[in-house]
Amino acid sequence: MAKRFYTLNPSDFDFDDIFNEDEITDEERDARLQSLSDPHIVRYRTKTIKSGDILEVEIYPIWDTHASTTRARREKTSREAQKRLNHKNATKNLVRLINANFTDADFWGTFTYETRRLPKSLADAQKEMQKFIRRLKYYAERHHFPPLKYVYVTEYENDEKKGKIRVHHHIVTNFPNRDVMEDLWRNGGRNQTRRLRADDSAYEGLSRYIMKDPKGAKRYVASKNLQKPQITIADHKFTRRKVNRLYSGETDARATFEKMYKGYRMTDIYGKTSDYVSGAYLYVKMHKKRRE
């Protein structure tokens, strides 16, 4: 069985995984608070991820090579635990990809199969979806639509009695004609297309909905022409003292981040500590301000 472990290299960390405050005792919380002053934290790194109108900020510690107060975490990772982590990361990536590439002018849809056309396997279902994508591309090119952009997810379960699978597909796309899109699906079923509607988290709710049922083989498929989220790294935006004050609530987080990232308003923030490393992890989500 493979083992997971964390070293002092920040690239080895899934910070949202190792920083966790669920079900800790008061004694453990006090110990973690003391670790915020660990002198081996040489600085805090700030990672920003811009995806369309959403700006995420992750702030996490960097330690020196003699950080004796940082304990290595070693544990056996079950297949199910690894699957959950993979799904969590895939969902996070999909949220950012959809936020970075689609707007309220675009559509999302759910496409199903009538019983006689149910595919016999997941591979057959994926082939049907690939045929559908080719028809959309061909129509878009013939009618001078913008180059087709899409992300789709296949959701399925085995139907052992019929020797087939129950399957449907979710797609997010810039194909501009929903009626034509439904006509180009050639497998019947109860199909539905809707215009996208962003909220304070843009399209995160939709993204999590279409990724809600992981089965290992289920992952999203995306067109190659999608823009990737913009990621920047900075090492001198936050001192240890400033992070500690933000974590404890002594500093006004909204005022701090909205001054630092002008043109954005803060919509979410949380902070966490860890039993395995010293310091704190801060996560901030911001939305681009709408012009009046």
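Buried means under 20% relative accessible area, exposed means over 50%, and partly exposed lies in between. Proline 39 has 60% relative accessibility, so it counts as exposed. This structure is a predicted model. A search of the whole structure finds 11 salt bridges.

**Salt bridges**

- Glutamate 56 pairs with arginine 96, and their closest N and O atoms are 2.7 Å apart.
- Glutamate 56 sits in strand 3 (residues 54-63) and arginine 96 in helix 3 (residues 79-101), so this bridge ties together parts that are 40 residues apart in sequence.
- Glutamate 56 is buried, because its relative accessible area is 8%.
- Arginine 96 is buried too, because its relative accessibility is 11%.
- Glutamate 114 and arginine 116 form another salt bridge, at 2.5 Å from N to O.
- Glutamate 114 is at 27% relative accessibility, so it counts as partly exposed.
- Glutamate 250 has a relative accessible area of 54%, so it is exposed.
- Arginine 245 has 27% relative accessibility, so it counts as partly exposed.
- Arg43, Arg45 and Asp235 are joined in a network of salt bridges.

**Helix 4**

- Helix 4 covers residues 122-142, which makes 21 residues.
- From its first C-alpha to its last, helix 4 reaches 31 Å, close to the 30 Å expected at 1.5 Å a residue.
- Several kinds of side chain are buried in helix 4, among them Ala125, Met129, Phe132, Ile133 and Leu136.
- The buried residues of helix 4 also include Gln126, Glu128 and Arg135.
- After helix 4 comes histidine 144, which has a positive phi.

**Positive phi angles**

- Most residues other than glycine have a negative phi.
- Histidine 144 has a positive phi, near 55°, and is not a glycine.
- Histidine 144 lies in the loop between helix 4 and strand 6 (150-159).
- With 72% relative accessibility, histidine 144 counts as exposed.
- Alanine 202 is not a glycine either, yet its phi is positive, at about 60°.
- Alanine 202 belongs to the loop between strand 8 (192-195) and helix 6 (204-210).
- Alanine 202 is buried, because its relative accessible area is 8%.

**A positive surface patch**

- Lysine 289 has 44% relative accessibility, so it counts as partly exposed.

- Proline 39 lies in the loop between helix 2 and strand 2 (41-51).
- Proline 39 and serine 278 are 239 residues apart in sequence, and their C-alpha atoms are 9.7 Å apart in space.
- Leucine 33 lies in helix 2 (residues 26-34).
- Leucine 33 is partly exposed, because its relative accessible area is 39%.
- Leucine 33 and serine 248 are 215 residues apart in sequence, and 9.3 Å separates their C-alpha atoms.
- Glutamine 230 lies in strand 10 (residues 230-234).
- Glutamine 230 is at 51% relative accessibility, so it counts as exposed.
- Glutamine 230 and serine 51 are 179 residues apart along the chain, and their C-alpha atoms are separated by 6.7 Å.

Technical notes:
Residues are numbered from 1 along each chain as its sequence is written. This is a predicted model: local features need pLDDT of at least 70, side-chain atom pairs count only at pLDDT 80 or more; totals for chains, interfaces and linings use all residues. Side-chain values use heavy atoms; hydrogens and water are left out. Buried means under 20% relative accessible area, exposed over 50%, partly exposed in between (1.4 Å probe, protein chains only). Helices (H or I, at least four residues) and strands (E, at least two) are DSSP runs, numbered from the N terminus. The expected span of a helix is 1.5 Å times one less than its number of residues. A salt bridge is a side-chain nitrogen of Lys or Arg within 4 Å of a carboxyl oxygen of Asp or Glu.
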